[in-house]
Amino acid sequence: MTGQDHSTFNGAGERPGGRRGARPRVAVLLGLAAASLLAVSGVALAARSAFIGPFNTVTTLTSAVPANGDVNPYGIVTVPRSVGQLVAGQLLISNFNNSGNLQGTGTTIDEISPATANQPAGTAHLFATIDPAHLPGPCPGGVGLTTALAALPSGYVIVGSLPTADGMSDTAMAGCLLVLNSTGHVVETIAGGPIDGPWDMTAVTRGPITTLFVSNVLNNIGATAAPNGTVVRLRLFSFPGHAPRVFDEDVIGTGFPTRTDPGALVIGPTGVALSERDTLYVADTLGNRIAAIPDAMDRQAPLPNGGFTVTSGGSLNGPLGLTIAPNDDILTANASDGNIVETTPDGNQLVAKTADSATGAGSLFGLTVAPGTNGVFYVDDGDNTLRLLH
């Protein structure tokens, strides 16, 4: 991958090999003594276990196709709090294609009740249909809803748009982020500046401040892979009853490879998720790796060359969707086969599980672990359904 920094990352915000303070000899001896006592007493140290390790069942929960026929579900997120039409624990799904299967023309967001121990998933119902002719602000090119999807505790939903006129990459435009209220109406657009083809997104809310991390794929894109992809950090004031407003935006990662593609429209950095250590993980699809941007919340200058490499190759096969498991491992959905892969923060690929054995390649995009759920929800655009690996 041209220009790629292949430095690896140790999951703690440092390059490996950095100098650390020497441990006092007493501490080392105490550690050895404790280990010896455990061995003598017959207590086994627990081996690292994978969150998805026990999961071997795939259940198709419901269709994600709304009444207008939109297909190609991309983004998926769990509603954190009940406000208006939004119900805590339900799933929102964004659709990228219209009923004619033209990419970059989908305009709908579904809301679905997830499966529980006592009842199956509910039928998808419409949360929003977005009319590109009646937006409250600029969104260059119109509406084509991407994997970039977030639901805020304040009752607002933010979704990315990478629109086309005819489903082809040569008509793709910069798009925007669309801000919807809890009844599914667009109240604001976030466009221009570093927003150029918002492809995926994650959101972190701390008090009245929401921070968005957005991967962008259209910056001077062409048919040949080039390091044009970026990750942008946006900060918003987000109070209940008041539309969130951007007060800061920064590019925190550059140099991710992107290119146009006749089957996928564009390929570039997709899934993003923030760890509790403020490390942002990015699914570098063309680089076939998971990248890391440490200190993502406070970084003042962009990390070049696509960030640090957490892991590459192995079971990864064009990673797209990305989320953090309850054990802090990284879950990624492969573009080039039907697998979900679990990787530790230090880059150890623990397991790969088949999530789509029928259509396989090109079917998996967004995935999420709903709070309290012993499984992984994901969208399958091979048959336009919501599925559960459990």
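**The sheet and the pockets**

An open sheet of five strands has the order 10-11-12-13-14, paired antiparallel. This is a predicted model, in which local features need pLDDT of at least 70 and side-chain atom pairs count only at pLDDT 80 or more, while totals for chains, interfaces and linings use all residues. Residues are numbered from 1 along each chain as its sequence is written, and side-chain values use heavy atoms, with hydrogens and water left out.

Q: Why do strand 10 and strand 14 count as edges of the sheet?
A: Each has a single partner strand, so one side of each is left without a neighbour in the sheet. Strands here are DSSP runs (E, at least two residues), numbered from the N terminus.

Q: What makes strand 11 and strand 12 a pair?
A: Two strands pair if DSSP finds at least two bridges between them. Strand 11 (residues 209-216) and strand 12 (residues 226-239) are joined by eight bridges and run antiparallel, so they meet the definition.

Q: What makes strand 13 and strand 14 partners?
A: They share three bridges in the antiparallel sense. Arg259 has Ile267 in strand 14 as its bridge partner. A hairpin of three residues joins the two strands.

Q: What makes a space a pocket?
A: On a 1 Å grid over the protein atoms alone, a pocket is an open set of points where a 1.4 Å probe fits, with protein on both sides within 12 Å along at least five of seven lines. The largest pocket holds about 1,000 Å³ of space, a volume being the space filled by probe spheres set on the points.

Q: Why are residues said to line the largest pocket, and which lie nearest its centre?
A: Lining residues have an atom within 4 Å of a point. The largest pocket has 38 of them, with Val77, Thr202, Ala203, Thr323 and Thr368 nearest its centre. Strand 10 gives the most, with seven residues.

Q: How many residues line the second largest pocket?
A: The count is 21, with Ala264, Ile267, Leu320, Ala335 and Phe365 nearest the centre. Its volume is about 290 Å³.

Notes. Helices (H or I, at least four residues) and strands (E, at least two) are DSSP runs, numbered from the N terminus.
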